[in-house]
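Please consult the sequence and the model shown below while reading.

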Amino acid sequence: MKAQIEISIVRILMLLLTLTVVSSAFAEQQRDKQHATQEKQKEAKTSVIAGTILDVTGNLVAVQDNDHQTIRVVSVSDTQLTGLVPGKTVEANGTASGGLVVASEINITGGSPWPEPSMPSQSSGRIDHILFLIQENHTFDSYFGTYPGAEGFPKGIKVPLQPGGTPTIAPFHFTSRLTHDMPHRWAAAHAAMNGGKMDGFIQAERSLDTMGYYDGTDIPNYWAYAGQFILADRFFSSLAGPSLPNHLYTVAAQSGGLVGNIKQPPAEGFDFATMAELLGSSGISWKYYEGGADPEEFGVWNPLPGFKTFMNSKELKSHLVDNTEYFRDLREGRLPAVAWIVPNFAESEHPTTSQHPPTNIQLGMWYVTSLVNALMKSPYWRNSVLIITWDDYGGFYDHVPPPQVDKYGYGPRVPAIIVSPYAKPGSIDHTVYDFTSVLRFIEDRFNLKPLTDRDKNANSLAQSLNLTQQPLAPFLIKGALGSSAH
């Protein structure tokens with residue numbers, strides 16, 4: 001009798017938990033719809049962008065917005081293009097739509113044209129520039145779960161409300177902008193993965209929105225890049241947790257045992273080697289292009305200022321620059337051999353937090369598009385590879401159990417697109433990669449020693465490329481490909 005009572009109590013508690021999760025999720029969805037309506041009403045109003053032109057590709061003008069220090073892309077008509085060149089300052093009035101600002105008028109307010117692009121000597125059949133572009137907080141399934149031919153959602157997949165329960169919740173396409181963040185700390189990630197069963201996401205994230213996804217109607221440029229170049233569908237975050245430890249892996253192939261975000265670095269600084277120092281000591285050029293207000297300020301997406309060596313070196317800090325410098329470096333023959341590129345919050349595609357307003361993933365997509373367009377038009381395109389990826393799972397569901405290579409990772413899959421003239425066009429790479437695979441690629445290309453066992457044992461991204469093929473022509477996106485503005 002006592003055992004039966006205990007079983008009944010457990011069932012009642014599980015039912016209450018289920019009702020709580022469903023009720024909370026319903027309330028969240030209602031709030032999301034309300035916020036989405038408000039955001040669309042704001043977007044319908046005139047937007048004003050004032051700043052310096054960074055790039056002009058077709059009818060797209062990338063502008064560094066003075067007010068928000070954010071790279072915005074403005075869509076203009078053929079007649080409005082006259083006189084619009086990088087270096088000029090403009091003020092554009094228009095309507096925000098799908099991450100773009102569709103200009104009703106755009107006026108030149110000053111500035112001076114930048115010098116015409118330099119033409120450094122480039123030969124085919126080699127990679128001389130490796131660019132690591134890192135966006136925020138999405139899983140592979142949340143962006144490419146319905147991409148044809150990739151390892152996306154299995155047919156008919158559903159997940160339970162709590163681990164071990166009856167699978168009842170299927171993935172669903174977002175119809176409004178996500179206006180809240182989801183837990184993605186170390187504990188939440190491990191609860192969500194549940195030892196590789198991948199059935200704890202709804203309970204761990206406390207939201208049905210973990211099952212939401214976007215597709216090619218929402219992020220058409222990313223799907224177009226995947227179709228033209230390489231989509232890696234077994235690319236994992238390096239650590240099952242949030243941004244900072246994963247960004248540490250992108251520069252150092254380890255997190256020093258850190259598994260969570262911290263506001264300030266250790267008083268004496270992180271005291272382990274980074275790829276930046278390895279490159280510098282070997283005479284190989286590098287930069288860290290940062291979208292924040294101060295590139296020399298430590299942050300969860302900008303870990304290098306938190307290292308002891310950087311704290312004590314003006315020379316090392318001189319390589320930490322604003323991401324708008326990327327555009328000038330491409331034009332003026334200064335693109336380094338290795339570069340990291342990280343956004344500010346508005347450009348990042350990170351779901352909103354209590355400290356930030358709702359973000360627009362399409363704004364982030366167009367920011368990335370401006371970076372890709374600028375590279376492809378430059379003489380550097382012929383010898384470059386650009387890896388576009390996202391730093392952690394962000395609370396979104398992914399169905400593939402990550403391989404466990406050590407006690408820290410891997411974490412859930414993240415999207416990765418490998419863009420290069422030597423990419424196997426339109427291919428899907430099923431090789432297991434993580435962020436240290438990029439470091440392994442850098443080490444192999446420039447004959448450097450590995451930083452840790454992680455990068456030593458990682459699969460190099462080099463194997464995804466074919467240096468003997470005829471280099472692919474640039475794939476420039478010159479206007480909207482067709483999208484639904486969430």
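The structure is a predicted model, in which local features need pLDDT of at least 70 and side-chain atom pairs count only at pLDDT 80 or more, while totals for chains, interfaces and linings use all residues. Residues are numbered from 1 along each chain as its sequence is written, and side-chain values use heavy atoms, with hydrogens and water left out. Helices (H or I, at least four residues) and strands (E, at least two) are DSSP runs numbered from the N terminus.

**The sheet**

- An open sheet of mixed pairing is formed by 8 strands in the order S12-S11-S13-S6-S14-S15-S9-S16; two strands pair if DSSP finds at least two bridges between them.
- Strand S12 (320-322) and strand S16 (427-429) are at the edges with a single partner strand each, so one side of each has no neighbour in the sheet.
- From one strand to the next, the twist averages 20°.
- Strand S9 (residues 230-232) is paired with S16 in the parallel sense over 3 bridges, and Ala-232 has Asp-429 in S16 as its bridge partner.
- Helix H12 (residues 435-446) packs on the sheet and touches strand S6 (129-135), strand S13 (338-342) and strand S14 (384-390); contact means heavy atoms within 4.5 Å.
- The direction of H12 makes about 170° with that of S6, where axes are lines fitted to C-alpha atoms (for helices over the stretch in contact) and angles run from 0 to 180 degrees between N-to-C directions.

**Helix packing: H6 with H12**

- Two packed helices are described by the angle between their axes and the distance between the axes.
- For helix H6 (residues 243-252) and H12, the axes come within 8 Å and cross at roughly 10°.
- H6 is therefore roughly parallel to H12; angles under 35 degrees count as roughly parallel, over 145 as roughly antiparallel, 65 to 115 as roughly perpendicular and the rest as oblique.
- The contact involves Asn-246, Tyr-249, Thr-250, Val-251 and Ala-252 of H6, together with Phe-435, Thr-436 and Leu-439 of H12.
- By class, the residues of this contact of H6 with H12 are 5 nonpolar, 3 polar and no charged; Ala, Val, Leu, Ile, Met, Phe, Trp, Tyr, Cys and Pro count as nonpolar, Asp, Glu, Lys and Arg as charged, and the others, Gly among them, as polar.

**Helix packing: H5 with H11**

- Helix H5 (residues 220-228) packs with helix H11 (residues 361-377) at an angle of about 40°, the axes being 9 Å apart.
- H5 is therefore oblique to H11.
- On the H5 side, Pro-220, Asn-221, Tyr-222 and Tyr-225 meet Gly-364, Met-365, Trp-366, Val-368, Thr-369, Val-372 and Asn-373 in H11.
- The contact of H5 with H11 contains 7 nonpolar, 4 polar and no charged residues.
- H5 is mostly covered, with 7 of its 9 residues buried, where buried means under 20% relative accessible area, exposed over 50% and partly exposed in between (1.4 Å probe, protein chains only).
- The buried residues of H5 are Pro-220, Asn-221, Tyr-222, Trp-223, Ala-224, Tyr-225 and Ala-226.

**Backbone geometry**

- Most residues other than glycine have a negative phi, and most peptide bonds are trans.
- Gly-409 and Tyr-410 are joined by a cis peptide bond with omega of about 15°; Tyr-410 lies in the loop between S14 and strand S15 (416-419).
- Met-198 has a positive phi, near 55°, and is located in the loop between helix H3 (186-193) and helix H4 (201-205).
- Glu-349 also has a positive phi, near 75°, and is placed in the loop between S13 and H11; Glu-349 is buried, at 1% relative accessible area.

- Met-198 is buried, with a relative accessibility of 2%.
- Met-198 and His-399 lie 201 residues apart in sequence, with their C-alpha atoms 6.0 Å apart in space.
- Neighbours within four places in sequence aside, Met-198 contacts Val-159, Ala-192, Met-193, Tyr-397, Asp-398, His-399, Val-400, Pro-401 and Pro-402.
- His-319 is situated in the loop between helix H9 (314-317) and S12 and is buried at a relative accessible area of 16%.
- Neighbours within four places in sequence aside, His-319 contacts Trp-286, Lys-287 and Tyr-288.
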